Every structure is written in C-alpha cells, then in structure tokens.
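Trainee: I have a model open and would like to learn how to read it. Can we take it feature by feature?

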Amino acid sequence: MSVPLYRLGRLAYGRPWYFIGGWLTVLAMVLGVLATSPVRLSNDVRIDGTPAQKVIDDLARSLPEASGGQGMLVFESTDGARIDDRRAQAALLAAVDAVYRHDHVIDARKALAAEAAKGAKSPLVRAQQAVAGAAGGPASGSRAPVPLTVRGRAVPGVAVSADGRTALLQFQFDEQTYELPSGTIDSTVAAAERQAARGGLRVLPSASMMEIPEIIGAGEIVGVGVAAVVLLITLGSIAAAGLPLVIALIGVVVGVGGAFTLSSVFEIHSLAAVLALMLGLAVGIDYALFIIGRERRLILEHGLDPHEATGRAIGTAGSAVFFAGSTVIIALAGLLVVGITLLSTMAIVAAATIAVAVLLVLTLLPALLGLVKGRICPPRVRRRAQRRSSAEAADADRRTRTARWGARLVRHRWPALAAAFLVPSVLAVPAADMRMGLPSGASYNTGTAQRQSYELVSDAFGPGYNGPLMIAVNSSVEGRPLSPGTLATIASALRDTDGATSVSLAGMNGSGTTAVLTLVPRSGPNDEATKALVTAVRDKSARIGESTGTVLGITGFTALAIDVSDRLADVLPLYVATVLGLSLIVLLLVFRSLLVPVTATLGFLLTIGATFGLTTAVFQWGRLQSLIGLDATAPVVSLLPIIVTGVLYGLAMDYQMFLVTSMREAHLHGATPSDATVTGFARAGTVVVAAATIMVSVFAGFVLNAQPMIKQAGFALAAGILIDAFVIRMTFIPATMALAGERAWWIPGPLDRLLPDLDVEGDKLAQKIPYPEPSARAAHPTAQEVDMAG
C-alpha cells in the first residue's frame, strides 16, 4: 500500500495543476447544480414499519386532509384584555382568516360550513354530537379550552382558555412541514402576526412550525476559528496551517453539497447534513494535519527535500489515513444493516463526505504542497534543525511534553490503567437512567418562541395540549360507515383511560368509514405518564375494536417517539455487533495483532458509556447546563445513541491508527516494546492532541445551535472525543501496550501467514527506496532516557 501511495504523492506534487484542476472542476459542477436546483431538507423523524407511522400512512390514503403537517399558533393578550373583547376578537378573526387564506393551508371552514348546513342530516355533525355527549366533557380539574363562537357559530380550529386571555388555532397544511416550500411557515406566522398586533395580541408558533435550522451559524464559525489557531500553533506557519482548512472546506462543499444536489431525488434529513458537515470538517482537518506533520518531520529529521518528503508522507501517513477513513466509513455503513431509511440516508451522506475527505488528502493535499514547496517549514525552523546533531535532535524529542507523558505512562502503567478505567466508568453511571424521546417545545431554551408557546399552552390549557394523541378509527368491514353510536362507545372507553383529559372528533372522511379522534393527555409529550397512557390505549384498543367492529390505530407525537425509541433500541445491539465485527477485522489486518484490536474496542466501550452518561446528566438531569448555555431538560434524542456510537467508533479508531501505527513502526525498526511505545507516542501524540482539540472545537460549535437535536449531537460528539482522545487513546492504550510488552504484537503463526501485509507503516517503502536514518539511539530513545531528560 505504501509504495503506490508514495508514487501518487510524488506525482501530485510534481504536477499539481492536473489534480487541482480536476478538483476545481468537481467543485464547480457541484456549485453549479446547487445554484440551479433548490435544496430540500427534512426535519421529519420517520421510521417506516412502526405502528404510529403506519397509522399516518393509512390516513394519507383514507383521510388525506388529516395526514399533512399540523400547525398550531397561540394568541396571547398582551394588555390584559379578554379574547372576546371586540378589538381583540376582530384582530384574532382577521389573523385566523389570514392563516386559512395562506398557500398550503387547508381551509377547514368551507367543508364545516357545508356540513353544518345539513344539520341533523350530516354524518359529521351527528358523530361530533355523539362523541361530545359520550366523552362527557373534560376531566375534573383540567383547563380544557372552549370553542370560540361568533354569532352562535364556532370558528373552525379556534379554542379559548378558561380565563379568556389565550386562544389556540390548530390547522393543517396540505403537505408535511418539511415538504413545504422554503419560507411557507415563516410567511404564515408573519401574516397572522400582522393582523393580531392590531388587537394587542402576541402570536407564538409551536415547535412543529419550525423551518429547517441553520446549517452553519456563529458557533460553527467559532469552532473553525479555534481549529485555525490550533493548526497555527501546532504547525508554526500560516502556509502549513491554511492547507488543512482548505482541504476540509472543499471536502464539505463537495460531500455535503453533492448530497444536496440529490435532495430532490431522495429525502435528506437536516441532521444528516449537519452530521456530514461536522465529520467532514473534523476529519478533513485531522487527516491533513497528520500528513503535514509527517512531511515536516521527514524534512527536519531526515533532511529530505519537500518533493521526496511529500511522497513519503503520503506513502506512510497516507496509508494510516486511508485505513482510518475506512474504519469511519465502515462504522457509518453499519447503519445500513438496521434497515431504517432515515439512518441509511445519514450513513450514506456522512460516509460519502468522509470518502471525499480521504481522496482530497491523498491527491489534492500533495498537489497544494507542490505549490507551497519549502514554505511548509519556516526557514528559522529548518535552520535550527540543520544546526542540531542527531543526538541533539533526539534530546529535544525527549524533552517534549508528549514524550515525557508517554514515559511516565510506561513507568506507572498500573495506576495509569486504573485511572483510565475508573474515570469513564464513573462518568457512565447516569447512563443507567437514560430515557430516549424526541424534542418538544419544552426542549428549547427560555426565550425561544417554541419554549414560550409550549409554556403558554401548558399554563392556559394543560400540558397535554402540546402533544395530543390521534386515534384513527376504521370500520372493520370495507365500505361500512361508522355509526355515531359506535364512535360514542369508543370515545367513552378512551375517555375513561387513566391519564386522559378529553376526547373529541377531529375529522371523518366522506364515506364515513374512517374517523379521527383527538385524545388529550393530562401530562406533557415527554412525560412518563403520557407514555403510560399510550401503552394503556394500545392495550385496550384491540378489545374496543373487537366489540365495536372497528380497527383502532394510535399516532401523534408521543406515540411516534415511543415507537422510534423502541425500534432504535431493538436494532442497536445488531448495529454495534456488526460495526465491532467489521472493524476488528480491519484492525487485525492493519496491526497484525490480536491484543491491539481488542484493547481498542474495550477502550471505545468505555468512551461510549461515559459519553451517554454525560449526555444524560446534562440534558436529562440538567447538571451543569449553564456551561453550555442551556436551561431546558429533555430526554436523550432517540436517534442519538446509534448515531453517536457509529461516529465515535470511527473517530476513536482514527486516533488508535495514528498512535499505534507509530508505535508499530518504531517496533519494526528495532525498538523494544516499551521504547516503541514511548517513541510512537512522542511522534504521534502531538498530532493526536491537536486533532482532538480541533474535533472538540468543531463539534462544540454545534452546541450553540438552537435546535435541540443538533445541540445534543454536538455535545455528545465533543464530550466523546474529549474522553476518547485524552483518557483512552492517550492514557489507557499506552499503559496497556506497556503492560503487554512483546505480547502486544503477538499473532498466531497460521493467521500471520494468512493475512495480507498491508504495509501501513511503510516498511516496504523504506526497503525499496532507502534514505538515511538517524542513529538507533536517536530514533528510539528509551523510556528511562525520556524520564531523565524531563
């Protein structure tokens, strides 16, 4: 592997404009398509095959007007006037009219007026009366709203709180909210606000009326800025520091932008775009940093010219980058085995972006180095290196912080191993209490419209109105209409369920064979009591259906959240087993060792436990939230465990690859196991620290995003990288390698002969094209020497 990559690196360096021109062409094509095709992103958490999603799909066929996205606006009197005050009521009616006349909003007034004109002959009117009579009104102690009536007629979709100072408008879009043209939701809210302001009313949209969140904001820009500073400190020159940023930015534009060009063909979730952006920025910078760091060492230590140093850096470090990228791609591709379209799309987009980053590092980076040439190492650094003898260079290496840290780990291997095991184990304790769910309005910070709307609805009507359940009722006999008596019986049974507040008829199709009932819980969408209500309704739905000749289905926010969480919890073990199995094979091939893949995997399990523990403590328990600008508690997003598991495993193996390949390289060149551990740690440790700092900075930038799902993902990945890099890879792994000694590199003879030699460390390259090596003493300082130098 090293020899072909060496030749590729020299070719790109020698003929840079061929490679630069090729990538610029690809970049122009992507930008050209994006300029002419609208980008369509989704916020919908859809998992096919779940009971709640099946109900929605069935309603799309039998009652299409009930299957579109739901809108909810809350109107609050700001001057203390009641909603039925003439001025306030006029403004409210004008706002309602503006909403119903807006594009993509279903105007329920005409159909309801036609049904009302039929009077007692209308099946819908009779069904509504029967359900209202059977439900018996709201439960005692509830704050259920009452319909807004004008001249004796109810205003469709509008209800008023008991104190008369808050009104609630519920309506339907003709498509799911993520399918609406950009700006539709914002313009709908703005139209209502203009009219409501005339009557002193404030308008607050619910969390469901949310446009796609910004992909790049201030936090992400700050993260890239921190990365630039770290690169400048690590590499010591603007030219060297700028190249990783260029590679990363081109990578995300080509990778994420390429996915956007296909958004009209298949659905792309906004979280998939954010995930690909985070990973593309992080690994693009990290991989380029690893290559440039190796090139600079070859120039300074071996006196190679930049052309030869670039070729050898691509041949050696480039091999590690190739397999490091492969582990990330394998970890992401493992999401395909779970059979969930949403996760499959995320995996494909993110994996494609990683693949683009690897290709850029192996082709475009050496071409750019061909333009920069000797400026990659500042003259003062080269002159200082030329003046030093090999012994002096080795002595300088022994004085580095990473070398001294590595030597201490080797000498105090048992305490280091115990500490590296206990710290993540303790941090993992809160994970035992982890609850999974989907974000609601309560998940947003105070001051956001989503949080204010949620709290206003809870205070005025009750928390259950923020997440009502939808009960789809279908006749079990095809073509037979549902009678008012049947619906009344069902409504009464549902109303008697513990935790239910009220039941009402939300709609019915023209043939009367399908009806939708709205069941309002007493508790909020993410409360355990609401989940218990969903379970109870599902348990009794079969009995109700059998006695009434109907088929009942339950959907709504809470039902969807339960189904999504259960489905993801079921597939998580399969996913983890698949990823660990495939990655163990890759690590076995790369390191030709049994112990290294096992310890790498054990370290990852410690990382993932600590990551989930910290995420639970901060977001679910509310611990230390002020440090990240958060003041809302929420369950862990259902998608997070499986996504974070895949991403962290891939990135953890990056650091494993960088560190242990350096250790193995030193061992192959004659160093003892302990000395190889120190030497490899000294050479790769600085790069790993810089790479981890950059990744944490990039991921932490997304913590400032207002969208709870993105905020949690950014935090979990930043925390996971921090733990894995500094506790596991920089402490646990070196201590384990030192403790194992020669056994760390043991592999059974038959297996050793069976496995191909991938030559990740570049040993074959060094044999085929040798170059002057420093003395053995300078190349492999012992752990004792490093301690003495420190």
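Trainee: How many bridges join strand β4 to strand β5?

Mentor: First, the ground rules. This is a predicted model, where local features need pLDDT of at least 70, side-chain atom pairs count only at pLDDT 80 or more, and totals for chains, interfaces and linings use all residues. Residues are numbered from 1 along each chain as its sequence is written, and side-chain values use heavy atoms, leaving out hydrogens and water.

Mentor: Now the general idea. Strands of a sheet pair through backbone hydrogen bonds, parallel or antiparallel. Here, three bridges join β4 (residues 153-160) to β5 (residues 166-172), and the two run antiparallel. Val160 has Ala167 of β5 as its bridge partner. Strands are DSSP runs (E, at least two residues; helices are H or I, at least four), numbered from the N terminus.

Trainee: In what order do the five strands of the open sheet lie?

Mentor: The order is β3-β4-β5-β2-β6, with antiparallel pairing. Pairing requires at least two DSSP bridges between two strands. At the edges sit β3 (146-150) and β6 (201-205), each pairing on one side only.

Trainee: At what angle do the axes of α22 and α24 cross?

Mentor: Two packed helices are described by the angle and the distance between their axes. The axes of α22 (residues 640-668) and α24 (residues 708-740) cross at roughly 35 degrees and come within 9 Å. Axes are lines fitted to C-alpha atoms, for helices over the stretch in contact (heavy atoms within 4.5 Å). Angles run from 0 to 180 degrees between N-to-C directions.
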